[in-house]
Amino acid sequence: MDCAARTHSVVSTATMTSALFSKNFAHSRVFTVKCSSKNLSLDGASSGLVERPWKVADARLVLEDGSIWKAKSFGARGTQVGEVVFNTSLTGYQEIITDPSYAGQFVLMTNPHIGNTGINFDDEESMQCFLAGLVIRSLSISTSNWRCTETLGDYLAERNIMGIYDVDTRAITRRLREDGSLIGVLSTENSKSDEELLEMSRTWDIVGVDLISGVSCKSPYQWIDRTGSDWEFNDNGRNKETFNVVAYDFGIKHNILRRLASYGCKITVVPSTWPASETLKMKPDGVLFSNGPGDPSAVPYAVEAVKELIGKVPVFGICMGHQLLGQALGGKTFKMKFGHHGGNHPVRNLRNGCVEISAQNHNYAVDPESLPDGVEVTHVNLNDGSCAGLASSKMKLMSLQYHPEASPGPHDSDPVFGEFIQLMKQEKVKA
């Protein structure tokens with residue numbers, strides 16, 4: 001509506017009321033207001049109309065179960081399909097959105113207030129964002145961290161990542177817990193109907209898709225950076241000996257490499273398709289199989305490489321690497337109902353009885369009943385009893401289903417890097 005107010009001076013409500021009932025009303029100054037609906041369109045746009053000072057809902061999240069969630073957009077615009085998962089971390093949204101393991105997924109943060117610390121480039125876990133989109137309850141209107149270089153919205157827009165806010169994340173989370181992870185379509189395009197978006201969500205699938213090849217490096221490189229002195233939290237009794245480690249990049253996070261380097265490893269990172277024969281020619285003291293996105297059954301070439309290296313050199317698997325080890329040993333993996341995503345998952349170390357609060361991000365797990373004799377289950381997730389760690393001294397292997405580098409997350413599991421060092425040292429002594 002086009003409204004114009006004209007007056008010579010501001011008149012208060014009290015003055016107006018008094019004037020109405022006084023004999024001098026004719027001498028009082030009053031507002032003259034003219035209103036018109038001329039050229040007003042259905043969406044509220046009008047020639048000459050000042051833009052609203054608040055943002056209105058301009059995005060939809062359509063889930064495969066038929067539910068439609070209206071929201072406000074930030075970051076990039078367009079239409080994107082992905083699997084919706086929820087993350088329960090209270091902090092560390094920047095590390096989460098730069099974790100390659102989220103490729104093909106919309107990450108819904110259960111913590112309602114996101115964006116208040118902005119973005120800084122020291123906290124990135126990879127060189128780019130691979131997630132499909134970000135879903136949050138409340139987007140901070142300001143940033144208040146001394147390391148901040150730009151806002152979350154600008155950061156996502158520059159990387160062509162969609163985000164939505166002002167959506168009921170609690171209700172969506174409860175739906176995911178009850179029904180399991182759901183495929184969704186996020187769109188800011190009014191030209192696409194709800195029915196079209198629903199059809200997209202029901203015809204797309206993440207199971208059986210090789211997501212690793214899209215996040216892995218293309219050629220080998222050397223990694224030398226350690227955890228910065230300002231952030232180092234566990235340097236007591238650190239071994240001064242150097243170990244040569246080949247790290248398979250299935251979507252590796254920078255802080256896994258930093259923690260290995262801090263424990264005295266000289267690291268060569270290789271692509272996910274790197275032949276095991278080439279790795280053995282490099283004569284490493286140990287091999288790391290990293291975290292990564294998606295279904296381990298979709299990457300048989302990676303399983304074969306792991307199988308060829310088991311027993312020939314000490315190996316350590318993290319997250320996807322743990323699942324690939326499970327398959328290479330003859331075990332089976334399965335898709336979980338809604339996975340584990342967050343920085344507050346309790347895990348029991350069965351060897352010493354200690355409970356670790358861990359950072360996790362995975363939708364698949366190893367079936368411990370399918371593993372051969374001689375493989376020990378070392379860790380169990382206390383939320384659902386799922387397998388969280390494996391070991392075999394005979395085959396010189398160890399693995400964790402979660403993230404010991406804890407970025408973001410608690411540092412309870414960091415000593416496992418020292419255990420990998422000990423595994424390599426024992427093999428060196430035998431040699």
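Colleague: Why is F417 called buried?
Modeller: The relative accessible area of F417 is 0%. Buried means under 20%, exposed means over 50%, and partly exposed is in between (1.4 Å probe, protein chains only). The value 0% is under 20%, so F417 is buried.

Colleague: What kind of model is this, and how are residues numbered?
Modeller: This is a predicted model: local features need pLDDT of at least 70, side-chain atom pairs count only at pLDDT 80 or more, and totals for chains, interfaces and linings use all residues. Residues are numbered from 1 along each chain as its sequence is written, and side-chain values use heavy atoms, without hydrogens and water.

Colleague: What makes Y263 buried?
Modeller: Y263 has a relative accessible area of 8%. That is under 20%, so Y263 is buried.

Colleague: How many aromatic pairs are there?
Modeller: The structure holds 8. Y263 and F417 form one of them.

Colleague: What is the pair of Y263 and F417 called, and why?
Modeller: Tilted. The ring centres are 6.0 Å apart, with 35° between the planes. Rings of Phe, Tyr and Trp (its six-membered ring) pair if their centres lie within 6.5 Å; planes under 30 degrees apart are stacked, over 60 edge-to-face, the rest tilted. The angle of 35° falls in the rest, so the name is tilted.

Colleague: What does this pair tie together?
Modeller: Y263 lies in the loop between α6 (254-262) and β14 (265-270), and F417 lies in helix α10 (residues 416-430), so the pair ties together parts that are 154 residues apart in sequence. Helices (H or I, at least four residues) and strands (E, at least two) are DSSP runs, numbered from the N terminus.

Colleague: Why is the pair of F316 and F420 called tilted?
Modeller: The centres are 5.3 Å apart and the planes stand at 45°, so this pair is tilted. F316 lies in strand β16 (residues 315-318) and F420 in α10, so parts 104 residues apart in sequence are tied together. F316 and F420 are both buried. Y263, F316, F417 and F420 form one aromatic cluster.

Colleague: How do you know which strands pair with β14?
Modeller: Two strands pair if DSSP finds at least two bridges between them. β12 (residues 221-223) and β14 have 3 bridges, in the antiparallel sense. β13 (residues 243-248) and β14 have 6 bridges, in the parallel sense. W223 stands opposite I267 in β14, and N244 has K266 in β14 as its bridge partner.

Colleague: What hand does the β-α-β crossover have?
Modeller: The chain goes from β13 through α6 to β14, and the crossover is right-handed. The name applies if, with the strands pointing away from the viewer, the path from the first strand over the helix to the second runs clockwise.

Colleague: Why is β14 called mostly covered?
Modeller: In β14, 5 of its 6 residues are buried.

Colleague: What makes β12 and β18 edge strands?
Modeller: The open sheet has 10 strands, in the order β12-β14-β13-β15-β16-β21-β20-β19-β17-β18, with mixed pairing. β12 and β18 (355-367) each pair on one side only.

Colleague: Where is N291, and how do you know whether N291 is buried or exposed?
Modeller: N291 lies in the loop between β15 (286-289) and α8 (300-309). With a relative accessible area of 0%, N291 is buried.

Colleague: What does the side chain of N291 reach?
Modeller: The side chain of N291 reaches the backbone oxygen of G251 at 2.8 Å. A polar contact is a pair of N or O atoms within 3.5 Å; within protein, one must be able to donate a hydrogen and the other to accept it, and residues adjacent in sequence count only if both atoms are side-chain atoms. The distance of 2.8 Å is within 3.5 Å.

Colleague: Which residues does S272 contact?
Modeller: Contact means heavy atoms within 4.5 Å. Leaving aside neighbours within four places in sequence, the contacts of S272 include I212, Y248 and Y301. S272 lies in the loop between β14 and α7 (276-281). At 4% relative accessibility, S272 counts as buried.
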